[in-house]
Amino acid sequence: MENFKIHFKNKTEFKDIDKITEKLTKIVGSEKISVDMIDKIAYGKDYWLISNLMTLKGTLPCLPDIILWPQTAKEVSEIIKLANNYKIPVIPYGEGSGVVGGALAVNGGIIIDTKYFDSIEINSTNMTVTVGTGLNGAVLERNLNELGLRMGHIPQSIRTSTIGGYIAHRAAGQFSGIYGKMEDIVLSMEIVLPTGDIISSKTYPRASVGPMVDRLFLGSEGTLGIVTKATCKIWPMPEKQGKLSYLFTDMQHCLDAIRETLQARINPGVIRIYDKKETERHFGETIKESKDKIMVIFVFEGIEKLVDLELQITSGNCKKYNGIASGEKPIDHWFKTRFKVSEASEFGPYDQVMDTIEVACMWDKSKEIYDAVINSLLSVPGIYLASGHASHFYSTGVCWYFTFSGIPKEGKDHFTLYNEAWDATISTVLKTEGTASHHHGMGINRGKWMQLEHGEEFKLLQKIKATVDPNNIMNPGKLYLEEIQKKEL
Amino acid sequence: MEIIKKFSKQKWLIKLIMDMDKEDRSNMLAGYKKRKRYYTSNLTDFEVNLKDLAKCALCPDMCGFDAPCLLVSKKTTLSPQNKSRLALFMGMERIPMDNPSAISVLYSCMNCDACKHWCPMDISAGELMVEMRCELEKRDLVPEKLHHLKNRIDDNGSVFEKAPYTEESEFNIDIPNAEVFYYIGCVSATERKSMVRANIALLNHLKVKFTTKFQDRNCCGSPLYKVGYKSVAKDLAQKNKDTINNSKTKIVLTDCPACLNMLKTTYSDWGVKIKPKIMHFKDFLLNKIEKGELKPDKPVDKVITYHDPCIFARGLGETEISREVFAKIPGLEVKEAYLHGEETRCCGYGGGYHVTNKELSIKEGLIRLEQLRKHSPDYIVSTCPTCELSFLEAQKNSKNNNYTEKIKDLSEIVAESLGLSF
Ligand SMILES: Cc1cc2nc3c(=O)[nH]c(=O)nc-3n(C[C@H](O)[C@H](O)[C@H](O)COP(=O)(O)OP(=O)(O)OC[C@H]3O[C@@H](n4cnc5c(N)ncnc54)[C@H](O)[C@@H]3O)c2cc1C
Ligand code: SF4
Ligand code: SF4
């Protein structure tokens, strides 16, 4: 559409697009295909945060050529076979809440909207649920809750994301401490491969039957196939929820208190450390005594007796490291505000560059990485806010979640500043032996860091990709490519 | 400084601004000052709340999981956020106002306010769509398939092909010195006659002097306003005001939440004040039961599931009255639906959706009907003729023909418990 600038403009026009459309219509039916510009505009974006500025300026991140809504794995298979014939890209699309541009059709092509894959089958003996991957996370959780069950995967985006998206990015929910990350939750999958073959892995508690092939698809970001079904673990609703909060002055102290707690096999569902800036931002108004302090909140879930014990042991560890108990109010405040996402809407129109970057590291680097990233972000000219919280924890390490915001200095554009902030963060993390992403994925923002992140194993990964997807039709431009970002906005 | 005043409560932000170097601070303030350019349209006479439209367009669709427009269509194009994004592009003149696909997106909404219920910024994408449709009307761009609604108002004062308000109608009742005006809804009078009969039986049982004043009354304007005919709806508001305020009426009784909301809320937003008290039947009946004037004492040994109409549950924030009425009826057992109270789900007929998106509207009705059937109730009960019609249509259109439950209005249950024939 001539009224829009298009950020990732597809350079190769698909000559046979009419013929492709005709053949695809035969596969899915005329109601389930669109080449309408209005649909292309809608599916030409995800929640890659810089694209909010694009929206305001009337730029489209990209424009896919065709949008499809298949209803069965067989239809998906036929679509993919056809795409191979014409060497046209295929991009799986859940709800477009991914924040790294993963679902953007940067080279044009066919968007496969997965939302018709929305079945739910519960096995309450095995405590598993088999779901269509286009199902919205909150819809699933609501249905399970009705029956006194839960999967417990509660990312902040649960109301606007799908099971397929979680699998594709190895997502993490707020209660990952108990329920695990998506790779801990998924037991087996049905996948349509880039050649159109459909494979299903077996559901078992554990096994020893050679390499775990389906694990390859966890975190594959739509580049190795389309996951159409998944069997996941579920749990009964907890008997009790326990809440605890502590204020610290020293970051190392609170990290130590949490590490010792986890290494003693105490498993809080939620642990969150807010650095001083974020404590002020989130709790400054409600918890007066949090001024100049680091807020740590814990939520425990499970059988009442166990929860009580966990509360007691965790309190002991916090006190040991000079923590000051701050009651349940901070947790209640967190529960009340945890889905209130409005910053981008409120501050976006001020022409700011902002984003969040989550990374992970082992305990022995946890403080060093936090300090190094904050310093490197603030050293980028134009960045005036850099803060962090830690949102997911393991006996072995921690996930840091940084927020930055800024406005370009004289002579620089928004996109350059955005890339500089990202580069500063990721290069610092990799230098400090951290890992480039904990749960948002690599997508466009971090694709170019894949080589450094993986080292020698990246070559193997590239070979696997070339074998599984010989024509590189599945979500090209992600994970395996070096530089696809452009400068101007 | 304007920005300091605006954010005086967010101390961290003020501190942040104060700590910035000079260039960053002036850049930040310049960005802040220029923000309004994103909320301004060059289209003449464009009155949509562009600020909310922009906020919604930048949101990650935090209400998507409960938005029937998205759930029933499975099209990201039609999610609340995306509708706003496309509407914003229309306001920015990036997408022409007369683009037929964009226009149909603006009508892909049931005005159920599920989006607003979950919205962190209290925005209703549905209301924004109504504002956009009013812009279409100004530009003569309301889709042709909706023109008949306006034409029928001109022809017979209702949105139906045949006027429900005729001299011959069985509902044409005018008791001298009436203090109650029973403002029968268009859908009630045409499609939910058993409910109207129950209401009339209840009024007679209470010996209330009432009138239905069919000849002078008009449609409340809700269906027209929702699809964009605001000026026609305003004319109707004026006419209804004159009729009602010039009569001896002390109470206007409605059987339809949309009428109630129009007469009470929307009219007064437009500066049109109806003097008498305006009440829905459920409130009226509870009041009479509590005062002891109505004694529903005949057991109704049935299991019911109540469907909360969106307008009551979310629009007016009221979910308890009907349940209190049910609690007064002996024998009645209420089993709640999956999604009830404020979290109720739309019946599929809101916002003229059954006219603009017939197939999806029926699909939505079926989805909701199945949710309501979960406990195999004898009756599915509501307090909105349009919701009730939607479920009746869903039953008719379903391939499943084992429906045993009946669709009823609350008034019918009360009348049954009083042993009234209607
Ligand atoms: C406000 C907000 C909060 C967030 N909070 C969290 C959080 O707490 N934790 C977290 O982990 N993430 C979070 N995210 C990021 C995002 O929600 C996740 O990455 C989510 O997993 C994306 O799901 P989606 O359905 O929206 O995927 P999309 O954005 O549609 O797609 C993401 C990627 O997955 C691929 N994909 C989608 N479906 C399939 C499939 N069936 N098969 C193969 N590939 C597929 C796409 O091609 C794309 O590469 C947040 C995002 C927002 C906007
Ligand atoms: S209505 Fe609110 S929650 Fe829904 S998309 Fe718009 S801003 Fe987001
Ligand atoms: S009012 Fe209802 S149908 Fe309309 S946008 Fe909001 S959630 Fe969707």
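## Ligand shell, chain build and surface patch

The shell around ligand 3 is made up of nine nonpolar, two polar and two charged residues. The model is a predicted one. Of the 13 residues around ligand 3, those that come nearest are Cys69(B), Cys109(B), Met110(B), Cys112(B) and Cys115(B). Three elements of chain B give two or more residues each to this shell: helix 5, helix 8 and helix 9. Their residue ranges are listed below.

| Element of chain B | Residues |
|---|---|
| helix 5 | 68–73 |
| helix 8 | 114–118 |
| helix 9 | 125–138 |

Chain A contains 17 helices and 20 strands. Along the principal axes, its C-alpha atoms fill a box of roughly 70 × 65 × 40 Å. How does the radius of gyration of chain A agree with that of a compact globule? A compact globule of 489 residues would have a radius of gyration near 23 Å, and chain A has 23 Å, so the two agree. Of the 489 residues in chain A, 63% count as buried.

On the surface, Ile120(A), Ile122(A) and Leu147(A) form a nonpolar patch. Together these residues have about 240 Å² of accessible area. Ile120(A) belongs to strand 7 of chain A, which covers residues 120–123. Is Ile120(A) buried or partly exposed? Ile120(A) has a relative accessible area of 31% and is therefore partly exposed, since that class lies between the limits of 20% for buried and 50% for exposed.

Key:
Residues are numbered from 1 along each chain as its sequence is written. Chains are lettered from A and ligands numbered from 1 in the order in which they are written. This is a predicted model: local features need pLDDT of at least 70, side-chain atom pairs count only at pLDDT 80 or more; totals for chains, interfaces and linings use all residues. Side-chain values use heavy atoms; hydrogens and water are left out. Patches are made of residues with over 30% relative accessible area and no salt bridge: like charges are joined within 9 Å, nonpolar side chains (Val, Leu, Ile, Met, Phe, Trp, Tyr) within 5 Å. Accessible areas come from the Shrake-Rupley method with a 1.4 Å probe; for residues, only the protein chains shown count as cover. A salt bridge is a side-chain nitrogen of Lys or Arg within 4 Å of a carboxyl oxygen of Asp or Glu. Helices (H or I, at least four residues) and strands (E, at least two) are DSSP runs, numbered from the N terminus. Buried means under 20% relative accessible area, exposed over 50%, partly exposed in between (1.4 Å probe, protein chains only). A residue is near a molecule or strand if one of its heavy atoms lies within 4 Å of it. Ala, Val, Leu, Ile, Met, Phe, Trp, Tyr, Cys and Pro count as nonpolar, Asp, Glu, Lys and Arg as charged, and the others, Gly among them, as polar. The radius of gyration is taken over C-alpha atoms; the globule rule is 2.2 Å times the number of residues to the power 0.38.
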